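Here is a short briefing for a reader who is new to this structure. Please look over the sequence and the 3D view before reading the points.

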Amino acid sequence: MTSVNSTPGDGTASDLPTAVARIIRPDGEVAGTGFLVADGTAVTCAHVVEAAGGGPGTDVLLSFPHVVGADRVRGTVQAELWRSVDLDDVAFIRLTDPLAGLRTLPLGSAEGLRGHKVRSFGFPAQAPPEGHFGFGETGDLLPTADGRGAHLQLTGANDLTTGFSGGPVLDEVTGLVIGMLTEITAPDAYERGLGIAYATPTQVLREILPDLAERDVCPYRGLEPFTAEHARWFQGRSEAVRQVLANLAQQRRLTLLLGPSGSGKSSLIQAGVLHALAAGELPGSDRWLPVLVRPRQDMLAEMERAGLPRASQDGIIAAVNNRLAAEPSCQRVLLVIDQFEELLVQSAAGRLRELLAAIDEVTSAADAYTKITVILIMRDDFYPQLAALAPRLLETAMPGLLNVPGTLGHQDLHDIIVLPAEDVGLRFQPGLPERIIGDVLDITPEAAVTRQAPVTVLPLLEMTLSQLWHRRQDGYLTHEAYRRIGEVSGSVTTWCDSALDELSPEQRVIARRALTSLVHPADPRHNITAVRTQVPLDELRDLAAEPGDTGEQAAVDSVIAALTRRRIITTQTQRAPRHPGAPPGEPVAELIHEALIRDWGALRDWVDQDHRFQEWLNRTRERQARWAAQGDPEDLLRGTALAEGLEWSRQRRLPSDIADFLTASRERQRAAIRRSRRLNAVLGGLLVLALLAAGGAIWQWERSDAARDAALSRQLAAQSSDLIGTNPELASLLAVKAYGASHTSEAVATLRSAATLPEHRRLAGHADAVRSVAFSTDGRTLATGSSDGTVRLWDVSTGRSRGRLTEHVGSVTSVAFSPDGRLLATAGTDNTVRLRDPVSGRVTATLTGEATSLAFSHDGHTLAMGGADHEVRLWDTSADKLRTTLTGHRAEVLAVAFSHDNRLLATAGGTEVRIWDVAAGESRTEITEHVDVVNAVAFSPRGSLLATASNDFSVQLWDAETGKHRRSLTDEIDLVYSLAFSPDGLPWPPRAPPASHGSGTWPPVRPVPLFPDTATK
């Protein structure tokens, strides 16, 4: 039989609980144990079924306590496969409705295994409700007698008591199930026979149900890590193991093991180092107690789950001391924290305080004089983040810092390929090992020359060997199978693509959404690459489903089960850390290995395409968490952030907590709109009354006002005539104003003169809104950036386009010329800022980060980039490197500006303006008086004043040194998006302020309007 809905286990001890079921009596008590042997088929003892009130053809109730949603599973006892108690005592149960996540156990032979250690799993009355393990040792295989089939004798089986009947017998050497527990002997009057049990061997089970497959053991691990149980097949890494042991032998309390993703760091420690320590490789190391954890979302809680109770409340040191006191046979705790980079990913997600507290715990434990040794396992590309965030930890770890050897030699590769196969009796066709080694050495040009393969080839190699094992023929691994799986370079792609080929087109869409949800996207701003992440299973179901489709749950579960069966993703259920006997906790899912992100092209492309949604989801999750914890309505989304969230909710199914957060945000905004409308209605009523009262007065006033209008018209016409030669734009506006005041002959004349002026130049060519413009210092070139993803350069004198730059993918958000005109900076929503030669258009540098505002210092040596990530980065244009990153804003940075002496930098994020000391990289002043988003900042030429413009319909002037408020400009002000001081810093214009384009200001600040169409004026 083959498994469709259930997942084949590898036969390790960790697989047993998820394949074992309780057989339930009518009164709810446990009658015995059963386990899955094929798709939807469980086996148990006939006497267990009878104890549950059943028999041939009847229904029985099963419970899988270690599988989510499988507490009550119905099954039918197959009458044709029933073997009564006086015969073989076997019953097969066909499950009525098999569930995803159930695991079948691999069956092997019980012959020739005398002396092998075995284990089982059952539900005796004295055990916790979720069951426990029992142990023993194989004896002789007893022949058939009295019509009964063969029996396997077990010795040293004191643990195997009532409640284990029907349980699997797992050979700890081969990892295969070799029988089913049938009876436990009672001692005689002389207490002889204690610890003796009998099992029905798998040969008997196959005689009853021939479709049961006898499975050989696979010595290769694919994308899964080697553990201590697979140490005999962990080959070719002896030098790496020796280096770690040598480091531990020097009694260093903290070892930091670095290596690239896919270099086998976890396997090196678990199957290499821990196995050697357990064998007493170091003095006393056989009495060390290993505790293995991953940080995940809460590292201290994970430590409690792994065996350090109360680590969250009392700290690591106290938890270690308590554990050693409870187990006096152990002399030291070896704490192994794998994938330590998971903590650093959390720091980029806004959890810096929790991260630093966890790191301090680890550092303190390593510094203290206590019986603990710590091994941190981390990807080497996270070293800069660790150095920046935890210098004390790094200082403590520095004497014990190790790098995984970066290459594998010919002999290493030979041992990895050949020795595990020899151990289980497999053979290679002649020349196949040499062919595989040659392909591995040809993967990179460097390896082809040095004949040393990069260690990162290990996942590909193990996946290749695993697939060869699945395609073996008569105990041989063949050249033909190697060709069919795509050789070494294509093994991961072949395996994963074949899994997708089994799905329908609709299911592949679900699979894509599920897989990208299990990847934390790269964060180039913090130099963090994409990593796998754990996601609660219920949340993954939401993220994978089609938006608005509430009936898709079965389809999503089917896809998740298929990906789990092919070992592309894994699922597990964690228990409450402080209560080992508590019921199962929240089930989670994750990718089997990060090599999938690197080596599976389809997934890599999907992650790149989906990164904007995942980044939005991570940001929103932070705000939702704060809102849920504190109830502060200011954490709810509003404005463009809410609009973006609602748009994503139309495109993707969101987790229920995020959907509720969006609903609460929308209701708050609607309530604000309703309040605004009620206020407007009241004000409108008062306005009507005021207008009615004023109507009579206006009628009287108009009769006397005609003469005054005529006089004003003539005055404005005279001013227009005076300016027609020096300021034609203002002259035209005055002419229009004069004619509007009164149709005097003077007004008509000036209007005709203005009509003869040349038309304002209009630069057309963009296909979408123009978002940013900038003139070169000499005034000859204009750069424009548009939402159509292009930058255009214009000849100001002729109005013709000099060039069209198309490197950006997505909208261009900002453009800026350097003061000397030799550089043009452009920023886009594709997370890049490009520096280029404005004459040739050639890109000279590409910087990573989504910038929304740009500004060069007046000496041209520094480029300031304000980003959507609330940060401002300062780029040294002379050295082509990042100088510093300024943090502190809590919203997108929309404007940046340097003072003319380059000492100060003003930045605007949300309603807050900050003034920074550029040399020190520190914030000097925070301005928080604006009540809406600040769009623009500008320093006066002498640097004494700072002007700010906001959506609160005001322009404010501040003392640039102290941040003290100097003046408010609010009369006749509409929304202002850009500001500029006149070059001399004097009031502009010299007379009363005009109201142009709804953006008039009081001197000396000049508003610069931008036009949201496809042309530049």
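R22 lies over the face of F123, at 5.8 Å from the ring centre. The model is predicted. F123 also belongs to a cluster of rings, and R22 is one of the residues that S63 touches.

**Rings and charges**

- Ring pairs join F121, F123, F133 and F135 into a cluster.
- The count of aromatic pairs comes to 8.
- A pair of aromatic rings is described by two things: the distance of the centres and the angle of the planes.
- R652 sits over the face of F613, 4.2 Å from the ring centre.
- F613 is among the buried residues of helix α23.

**Around S63**

- S63 is in strand β5, which covers residues 59–63.
- Is S63 buried or exposed? Its relative accessibility is 3%, and buried means under 20%, so S63 counts as buried.
- The side chain of S63 reaches the backbone oxygen of D71 at 3.0 Å.
- Leaving out residues up to four places away in sequence, S63 touches V20, A21, R22, I24, A70 and D71.

**Helix α23**

- Helix α23 runs over residues 601–630 and has 30 residues.
- From its first C-alpha to its last, α23 reaches 42 Å, close to the 44 Å expected at 1.5 Å a residue.
- Where is the kink in α23 centred? The kink is centred on D610 and is about 55°.
- D610 is also one of the buried residues of α23.
- The other buried residues of α23 include L603, W606, V607, Q614, E615, W616, L617, T620 and Q624.
- G631 follows α23 and has a positive phi, near 70°.

**Helix α19**

- Helix α19 spans residues 505–517 and has 13 residues.
- At 1.5 Å a residue, α19 should span 18 Å. Its end C-alpha atoms are 19 Å apart, which agrees.
- The buried residues of α19 are I510, A511, R513, A514, L515, T516 and S517.

- Most residues other than glycine have a negative phi.
- Q251 is not a glycine, yet its phi is positive, near 60°.
- Q251 lies in the loop between α4 (238–249) and β15 (254–259).
- With 70% relative accessibility, Q251 counts as exposed, because exposed means over 50%.
- E487 is not a glycine either, and its phi is positive, about 60°.
- The loop between α17 (479–484) and α18 (491–501) holds E487.
- E487 has a relative accessible area of 29%, so it is partly exposed.

**Pairs apart in sequence**

- Q715 is found in helix α25, residues 656–723.
- Q715 counts as partly exposed, at 46% relative accessibility.
- Q715 and A747 are 32 residues apart along the chain, and their C-alpha atoms are separated by 9.2 Å.
- E422 lies in helix α13, residues 410–423.
- E422 counts as exposed, at 52% relative accessibility.
- How many residues apart in sequence are E422 and W233? They are 189 residues apart in sequence and 9.7 Å apart in space, C-alpha to C-alpha.

How values were computed: Residues numbered from 1 in each chain as written. Predicted model: local features only at pLDDT ≥ 70, side-chain atom pairs only at ≥ 80, totals over all residues. Heavy atoms only, no water. Helix = DSSP H or I, 4+ residues; strand = E, 2+ residues; numbered from the N terminus. Buried < 20%, exposed > 50% of the residue type's maximum accessible area, 1.4 Å probe, protein only. Polar contact = N/O pair within 3.5 Å; in protein donor to acceptor, adjacent residues only side chain to side chain. Contact = heavy atoms within 4.5 Å. Phe/Tyr/Trp six-rings, centres within 6.5 Å; stacked < 30°, edge-to-face > 60°. Lys NZ or Arg CZ within 6 Å of the ring centre and 35° of its normal. Expected span 1.5 Å × (residues − 1). Bend = angle between axes of the 7 residues up to and from the residue.
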